[in-house]
Amino acid sequence: MSNFVLSLSFWVTFLCCLLCSSQARWHHHSKQKHSHHHKRSYISHPPTPSPSPGDGDYINETNIFDVRGFGAVGDGVADDTEAFKMAWDTACQSDDAAVVLVPYGYSFMIQSTIFTGPCHGHLMLWVDGTLMPPDGPDAWPRNASRRQWLVFYRIDGMSLEGGGVVDGRGQKWWDLPCKPHKGPNGTTLPGPCDSPIAIRFFMSSNLTVQGLKFTNSPQFHFRFDGCKNVHIESIHIKSPGLSPNTDGIHIENTNDVGIYNSIIYNGDDCVSIGSGSYDVDIRNITCGPSHGISIGSLGVRNSRACVTNITVRDSVIKDSDNGVRIKTWQGGYGAVRGITFSNIHMDNVRNPIIIDQFYCLTKDCTNQTSAVSISDIEYTNIKGTYDIRSSPMHLACSDAVPCTNLTLSEIELLPAQGDIVLDPFCWNAYGDLQTLTIPPVSCLQEGLPSSIKLNNDNEYC
């Protein structure tokens, strides 16, 4: 009788999740510039744990595939890779919606693996236990990719959900002497430095990620490449503030993305948006300590970059090196346009508002005659405190292609310590102040530049 109640409980939960996932995938992004009017500030609450389907009991219903039934041990030591691949392949061939179940109370060690589609029906990877890779570079198989751990490729219709943990075991990767400040006396040494992205979705669509905790990735926690219709809800990403290059969520060439109600603190950007991304809505995120929420970097090695229709709203950024940032390299081309940052609370943040078109990781980058153009950027209701080591607003636009149509309203940024309000910095930045700002942005030039170099970004994007 208890097994029947347990199975019935799991099926009710599973069907509810499928319904929620289906509804989530219908979120809509207008092709026009976002316009939001929010007067309240919201702070993300910790994600609600997903109900556990098992607590150690097997689930043998049709189309629910417990990885232990395929030989997974779950002791954190045995290699469970083949068991996971068999469970995935079996579920993927099911004509109906199927679940690959990772049960509570077990830790499964998996090697670098690609889970491929397309599958016959919707597939849910339900994680209530713990997933982990081999422990560091020395334990990583020589014939396995060091650039990625778990890859989901050509999937149409998948949910990654549950109340469990994905632990990237990143410490030994961060300690490589090639990492920033990890060599002798705080140096950075040459040598092999590839580190795996924890979870990568590639050329996939109709994806939902919900409810899980992701910790200590060796590099990015998530990367979405060439994906469409992505819904991320109520996740928790946690890595130390000094863990190098551990972006929370990175998207590239991806569109129709919603990232909601989540907490991210790490050693790099909470969310980073790369070239080819558009129609992205980010709401109710608590970000930091981190490097903030960034568009870019874009245009590296004279490349084309296009990012449009991005909204970041109703969020908190705290104890971070940056707030909301757009960063591009000299020499690129293309366009960033139709960006809205709205109703964001800053708490002790360096560079709360920053455009950096002179982004460079070394000291020998030269000024060039082309740049990614930046236009139609709206900053509304951004309030809070800034770290006095940097200016509250830094709008450094390219010499070759000025920033245009920057709109600021209801900006109130005060020093976190002391009472000296630093002046904003502007360079070749044009736009409009719709309200008085604190501090005043007297350096923003009105209208449009008298002579603007047209690189015909419409042709490129």
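The model is predicted: local features need pLDDT of at least 70, side-chain atom pairs count only at pLDDT 80 or more, and totals for chains, interfaces and linings use all residues. Residues are numbered from 1 along each chain as its sequence is written, and side-chain values use heavy atoms, with hydrogens and water left out. The structure holds 7 disulfides, and three of them are described here, including C92 to C119, C178 to C193 and C270 to C287.

**Disulfides**

- A disulfide is a covalent bond between the sulfur atoms of two cysteines; here the assignment requires a pair of cysteine sulfur atoms within 2.5 Å.
- C92 and C119 are joined with an S to S distance of 2.1 Å.
- The torsion about the S-S bond of C92 and C119 is about -105°, so this disulfide is left-handed.
- C92 belongs to helix α2 (residues 81–92) and C119 to the loop between β5 (113–116) and β6 (123–127), so the pair ties together parts that are 27 residues apart in sequence.
- Helices (H or I, at least four residues) and strands (E, at least two) are DSSP runs, numbered from the N terminus.
- C92 is buried at 4% relative accessibility, and C119 is buried at 15%.
- Buried means under 20% relative accessible area, exposed means over 50%, and partly exposed lies in between (1.4 Å probe, protein chains only).
- The sulfur atoms of C178 and C193 are 2.1 Å apart in their disulfide.
- With a torsion of about 90° about its S-S bond, the disulfide of C178 and C193 is right-handed.
- Both C178 and C193 lie in the loop between α3 (171–174) and β11 (197–202), so the pair ties together parts that are 15 residues apart in sequence.
- C178 counts as buried at 10% relative accessibility, whereas C193 is partly exposed at 28%.
- In the disulfide of C270 and C287 the sulfur atoms are 2.2 Å apart.
- The S-S torsion of C270 and C287 is about 95°, so this disulfide is right-handed.
- C270 sits in the loop between β18 (255–265) and β19 (271–273) and C287 in strand β20, so that distant parts of the chain, 17 residues apart, are linked.
- C270 is buried at 0% relative accessibility, and C287 is buried at 0%.

- In β18, 9 of the 11 residues are buried, so the strand is mostly covered.
- Two strands pair if DSSP finds at least two bridges between them.
- Strand β15 (residues 228–233) pairs with β18 in the parallel sense over 5 bridges, and H231 has G258 of β18 as its bridge partner.
- Strand β16 (residues 236–238) runs parallel to β18 and is joined to it by 3 bridges; K238 is bridged to Y265 of β18.
- β18 and β20 run parallel and are joined by 8 bridges.
- G258 has D281 of β20 as its bridge partner.
- In a regular strand the side chains alternate between the two faces of the sheet.

**Polar side-chain contacts**

- D281 is located in strand β20 (residues 277–287) and is buried, at 6% relative accessibility.
- The side chains of D281 and R313 are joined by a polar contact of 2.6 Å.
- A polar contact is a pair of N or O atoms within 3.5 Å; within protein, one must be able to donate a hydrogen and the other to accept it, and residues adjacent in sequence count only if both atoms are side-chain atoms.
- D314 is part of strand β22 (residues 304–318) and is buried, with a relative accessible area of 4%.
- The side chain of D314 makes a polar contact of 2.8 Å with the side chain of N343.
- D314 and N343 are 29 residues apart along the chain, and their C-alpha atoms are separated by 4.9 Å.

**Surface patch**

- F358, F425 and W427 form a nonpolar surface patch with about 290 Å² of accessible area together.
- Patches are made of residues with over 30% relative accessible area and no salt bridge; like charges are joined within 9 Å, and nonpolar side chains (Val, Leu, Ile, Met, Phe, Trp, Tyr) within 5 Å.
- A salt bridge is a side-chain nitrogen of Lys or Arg within 4 Å of a carboxyl oxygen of Asp or Glu.
- Accessible areas come from the Shrake-Rupley method with a 1.4 Å probe; for residues, only the protein chains shown count as cover.
- F425 lies in strand β29 (residues 425–427) and is partly exposed, with a relative accessible area of 37%.
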